[in-house]
Structures are given as structure tokens and as C-alpha cells.
Amino acid sequence: MKNRIFLLLLSTLLLFTILPTMAYAEDKTTFSLSSSISKVKVGDEVVVTVEGHSVKDVYGYELRLSYDPKVLKFRQASTTWEGFTVPPIVENGKMTFAHTKVSNIKGESGHVRFASLRFEAIRQSDAAIQLTRVKLVDSIGGSTITEPGLLLKVNISMKNPINYLDIKGHWAEENIARATEMGWINGYPDGRFAPQNEVTRAQFTTMLSRALALSSPSSPSDLAQTFKDHESIPEYAKSHVSQAAAAGLVRGYEDATFRPSRWITRSEITVMLMRVLGYEDKLDSSPPLAYDDTVQIPDWAYPAIATASDIGIVKGRGNNKFAPGGYTTRAESVTLILRILDRISSTSTVS
């Protein structure tokens, strides 16, 4: 009998010891990362919601997330909270978003939605978005920092199967399919993509203009005033050449011609791509080049090629040669443009 009473008292004491811990666990602030869909297609929007549970007097916050910029492109962050929002800072697949209330008011408590984050699916792959850090500030200036490490997985597939007859097993198969899904490249009426076909200046300029979604000049006559050989530019390329010229991406030759049917060289392509990134053609210094054919690189292209090689936009061909005067294929052109788009996506600051 005494043993039973002792065991009952011991159980009661243990229960009272556990209860405060349980209550603390229930009141502890936690976070969640969610999306309405887990399976999306290239080109679709992925809306991610960051929420807090059992929060106490949150006056302001800072969220840090990471993602793969080659698979997802960050578009926008927003919140329904009143107050002041700090524009998102986006760089190399890391995003920081912050918001604070203003004036003398209390902070938010309970279950709250901090922000909605919008991404664009740009590549077929399994993707992950991670909530790496949360800083909460209360109405009297106190702050807490948490590293939730929450991971949201998203499966991205192609909208429609890409059935070019001649890219199966090609080294650029995935890039060609991705660019096709993005809508700025297409194949030929006979079902081929012709990845090894060399590209003219008009063709590459058209690809680049479509990929960047350049806007047209205000006047159709702008192109005629820019290049003397306006009439020789194919109809499909005229508006794109005009757009690229207006954006400062192409400047033609010294005789004011564009020469649309001329095969575009690797030097010309590299300069155009670096201009997209805001590169200045003439630099006082540039990274050294280790290609065996460096002496063949034109002076006007050397800084662009050196910088593009340094940041991984362009690479040499076999035998450690850059081949500055070599022509570029459709597969290579698509790959280079995608590298530029990915670079823009991973380093841009979204407001």
C-alpha cells in the first residue's frame, strides 16, 4: 500500500515537472515555409509564404533565404503589414527581405504571415528554397535571431516535351530544351534544331534580343539611320537588330554597316554578352589570359574576353585555345545566352 502511494506521489511530481516544459514548447515561436503547389512547370510562378507561429510583439523582421538561381529566378517579395519595407537584396542565390512597422504601436503576436515571395521556374530540376535566418525585433527594440533551416522542395518539369529530332544525347540538349521552353529559341519546320549550324550576326542578335525581351525604338526609321545596309537585314531580324542597337549591344563596323549575313565570331559574341552586363569596352586593366592563342585576340575584344573568362561566361575550346576568330554554333549560342541570363538572375537587386 505504501509503495502504491509513493508511486502515485512520484508520478504527480513528475507530471508537474513536465507541464511547464510542455507549456513552454507550445508557446515557443516557430516558423513555416510553404507553397500552394510543389510541382510546377518551366515558366510557372512559385509563390512561397513565410509564416510565424506563437510570435510575441513583432515590430519588425528580417528574413534570409537561399535558392538555386539556375533553377529559380526571384521576382518579388511583399507583405501585408503596414509600415516600411526594405527592398529585397538578391545576390548569388541569397535573398534578404526586411520590414518594420512605424509610429508608436504594438507589434504583431500569435500566428502571423511575414511575407509572400514570388519566384519563376526557369529550368527543369528539383529545386529547394531554404529559410536560413530570421531576425525579429519587438516594439521596445529587443531582438532575437533564429536559424530555422526550413527547406521547401519544388519539382520543376517541362511544359511540353521537346522533340527536336537531332538533340538527343547532344551536350547542349538540356540548354536547348530550356531555352525553347523560355520561348526565345525554336527549331526548323522539319523538326530539327540543327545544334551544330553556325550562326550569323543577324541570327545571334535576334536570339539575344528575344532572350532579353528588349523593347523597340520609338521610331521604325531608327534602324535605317543606324546601319547603311539596313535593307540587307532579314525581315525576321530587323526589329531585333534595331532593339539591340538602341540598347548599345551592337554597334556595327567602322563603315556603318551591320553585315547581317556574316558568321559571328567568338570575339564579337563575347563583347556583346559583356555589354549586357554593363561592361565598358575599354578598360584600363583586365584579368590576364592563359589561352595559348592569346596573341590572336583583337585588342578591342581582349578586355571583354578576359573578364568573361574570369567570371565563367566563356570558356576556351580544346588544346587551351580560345579561338577568337572561330565561329559559333546554335548550341553554343544558346548556352552562352543562358549563362548571361543566369548571371543577371543571381546578381540582380529586386525592388
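The legends below describe close-up views of a predicted model.

**Figure 1. Overview of the predicted protein, with its eight helices and ten strands.** Of the 351 residues in the protein, 42% are buried. Among contacts between residues at least 6 apart in sequence, 73% join residues at least 24 apart. The structure also holds 13 salt bridges, some of which are shown in the views that follow.

**Figure 2. The salt bridge between Arg 118 and Glu 45.** The two side chains meet at 3.0 Å, N to O. Arg 118 belongs to strand 7 (residues 108–121) and Glu 45 to strand 3 (residues 45–66), so the pair ties together parts that are 73 residues apart in sequence. Arg 118 is partly exposed, its relative accessible area being 27%. Glu 45 is likewise partly exposed, at 43% relative accessibility.

**Figure 3. The salt bridge between Glu 120 and Arg 75.** The closest N and O atoms of Glu 120 and Arg 75 are 2.3 Å apart. Because Glu 120 lies in strand 7 and Arg 75 in strand 4 (residues 72–78), this pair ties together parts that are 45 residues apart in sequence. Arg 75 has a relative accessible area of 41% and is partly exposed.

Figure 4. Lys 238 is buried, with a relative accessible area of 13%, whereas Glu 235 is exposed, with a relative accessible area of 62%.

**Figure 5. The salt-bridge network of Glu 62, Arg 64 and Arg 133.**

**Figure 6. Packing of helix 6 (residues 266–276) against helix 7 (residues 302–310).** The axes of helix 6 and helix 7 come within 9 Å and cross at roughly 70 degrees. At this angle helix 6 is roughly perpendicular to helix 7. Helix 6 contributes Ser 267, Thr 270, Val 271 and Met 274 to the contact, and helix 7 contributes Ala 304, Ile 305, Thr 307 and Ala 308. By class, five residues of the contact of helix 6 with helix 7 are nonpolar, three are polar and none is charged.

**Figure 7. Packing of helix 3 (residues 201–212) against helix 5.** The axes of helix 3 and helix 5 are 8 Å apart, and the two helices pack at an angle of about 65 degrees. Helix 3 is thus roughly perpendicular to helix 5, and the crossing of helix 3 past helix 5 is left-handed. On the helix 3 side, the contact is made by Ala 202, Gln 203, Thr 205, Thr 206, Ser 209 and Arg 210. On the helix 5 side, the contact residues are Tyr 236, Ala 237, His 240, Val 241, Gln 243 and Ala 244. The contact of helix 3 with helix 5 divides into five nonpolar residues, six polar and one charged.

**Figure 8. Helix 2 (residues 173–182), which is mostly covered, and the glycine that follows.** Seven of the ten residues of helix 2 are buried. The buried residues of helix 2 are Asn 175, Ile 176, Ala 177, Arg 178, Ala 179, Thr 180 and Glu 181. Gly 183 follows helix 2 and has a positive phi, near 95 degrees.

**Figure 9. Positive phi at Ser 54 and Asn 92.** Most residues other than glycine have a negative phi. Ser 54, which is not a glycine, has a positive phi near 60 degrees. Ser 54 is placed in strand 3 and is partly exposed, at 28% relative accessibility. Asn 92, also not a glycine, has a positive phi of about 50 degrees. Asn 92 sits in the loop between strand 5 (84–91) and strand 6 (94–100).

Methods. Residues numbered from 1 in each chain as written. Predicted model: local features only at pLDDT ≥ 70, side-chain atom pairs only at ≥ 80, totals over all residues. Heavy atoms only, no water. Salt bridge = Lys/Arg side-chain N within 4 Å of Asp/Glu carboxyl O. Helix = DSSP H or I, 4+ residues; strand = E, 2+ residues; numbered from the N terminus. Buried < 20%, exposed > 50% of the residue type's maximum accessible area, 1.4 Å probe, protein only. Axes fitted to C-alpha atoms, helices over the stretch in contact; angles between N-to-C directions. Parallel < 35°, antiparallel > 145°, perpendicular 65-115°, else oblique. Contact = heavy atoms within 4.5 Å. Nonpolar A, V, L, I, M, F, W, Y, C, P; charged D, E, K, R; others polar. Left-handed = near helix turned anticlockwise from the far one by under 90°.
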